[in-house]
Amino acid sequence: MRVQGVAASLADVIPIGDIHVAPSMLSADFGHLADAVETIASETSWLHIDVMDGHFVPNLTIGPPVVASLRRESSLFFDCHLMMTNPERYLEAFARAGADLCSVHVEIGKTDQLIDQMRALGLNVGLVLSPDTPFSVAAPFLDRIDLLLVMSVFPGFGGQSFMPEVLPKISEARDAIRNGRHQVLIEVDGGVDRATAPLAAIAGAQVFVAGNAVFGADDPCAAIVAIRDAVTTSLAAR
Ligand code: DX5
Ligand code: ZN
């Protein structure tokens, strides 16, 4: 049985070089979250959880109590995307609630301190770049993080259109990670569907967050398969 508060190792969940579709709970029915999570569990082991504080972004979602409730229902890898100005106040609560990975935005600063805090809590460590933030801001931290999340929409809302202008940034990150032999996954988030995921995959992304494309579909599992197949096909055709 999974011990609450002990994060799953990212390397066990997804080997570097593998690909993963990470459904975003933001587009699920919040009245039936446990059902939504159970629905996708047959097709993926990864759940992206968007946490918004109404300050860093102009929207509010959920916090540690909801993560803790879902943890009792699910053994999926919980990837908590913290769109918050002050995540340091809540990281311990997310770790206790059963988060496996927390990602913090580099735009808020405090990155050194936040990485240390997440490591001390046993969390896998993610850094997030908003569309306007260059890769160079995250580059100094590649040897200390597990995941780099490149936003392909401005954070705050689901259902927006993918911004192809972030693709060069994904490639820049991929090259730096390869050249430095860093063990860092690249995740892309925002407007990802079966048409846009292959673009991000060819640029270098390995984890594909999809909210609307999965939970807005009649058959969420079929949508996950379609995105994964589209990525696999595009990578094979290179
Ligand atoms: C946006 C969130 C995303 C969002 C993605 O701020 O970080 O995770 O849920 O939703 P779609 O896939 O609908 O763009
Ligand atoms: Zn997100």
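In which sense do strand β6 (residues 147-151) and strand β7 (residues 185-189) pair, and over how many bridges?

Analyst: This is a predicted model, in which local features need pLDDT of at least 70 and side-chain atom pairs count only at pLDDT 80 or more, while totals for chains, interfaces and linings use all residues. Residues are numbered from 1 along each chain as its sequence is written, chains are lettered from A and ligands numbered from 1 in the order in which they are written, and side-chain values use heavy atoms, with hydrogens and water left out.

Strands β6 and β7 pair in the parallel sense, over five bridges; pairing requires at least two DSSP bridges, and the elements are DSSP runs numbered from the N terminus, helices (H or I) of at least four residues and strands (E) of at least two. Within this pairing, Leu148 has Ile186 of β7 as its bridge partner.

The two strands belong to an open sheet of eight strands with parallel pairing, ordered β1-β8-β7-β6-β5-β4-β3-β2. At its edges stand β1 (20-23) and β2 (46-52), each of which has a single partner strand, so one side of each is left without a neighbour in the sheet. On average, and with direction ignored, neighbouring strands of this sheet are turned by 25° against each other (axes are lines fitted to C-alpha atoms, for helices over the stretch in contact, with angles from 0 to 180 degrees between N-to-C directions).

Helix α6 (residues 167-179) lies across β5, β6 and β7 and runs at about 170° to β7, where contact means heavy atoms within 4.5 Å.

The loop between β6 and α6 holds Ser152, which at 0% relative accessibility is buried (under 20% relative accessible area with a 1.4 Å probe, protein chains only; exposed is over 50%, partly exposed in between). A polar atom of the Ser152 side chain lies 2.7 Å from the backbone oxygen of Gly190. Leaving aside residues up to four places away in sequence, Ser152 touches several residues, among them Phe162, Val188, Asp189 and Gly190.

Asp189 leads on to the metal: together with His48 (NE2), Asp50 (OD) and His81 (ND1), Asp189 (OD) coordinates the zinc ion (ligand 2), at 2.0 to 2.3 Å. Because His48 lies in strand β2 and His81 in strand β3 (residues 77-83), this pair ties together parts that are 33 residues apart in sequence. Both histidines are buried, His48 with a relative accessible area of 0% and His81 likewise with 0%.

Methods: Donors = N, O, S within 2.8 Å, 3.2 Å for Na, K, Ca; no water. Polar contact = N/O pair within 3.5 Å; in protein donor to acceptor, adjacent residues only side chain to side chain.
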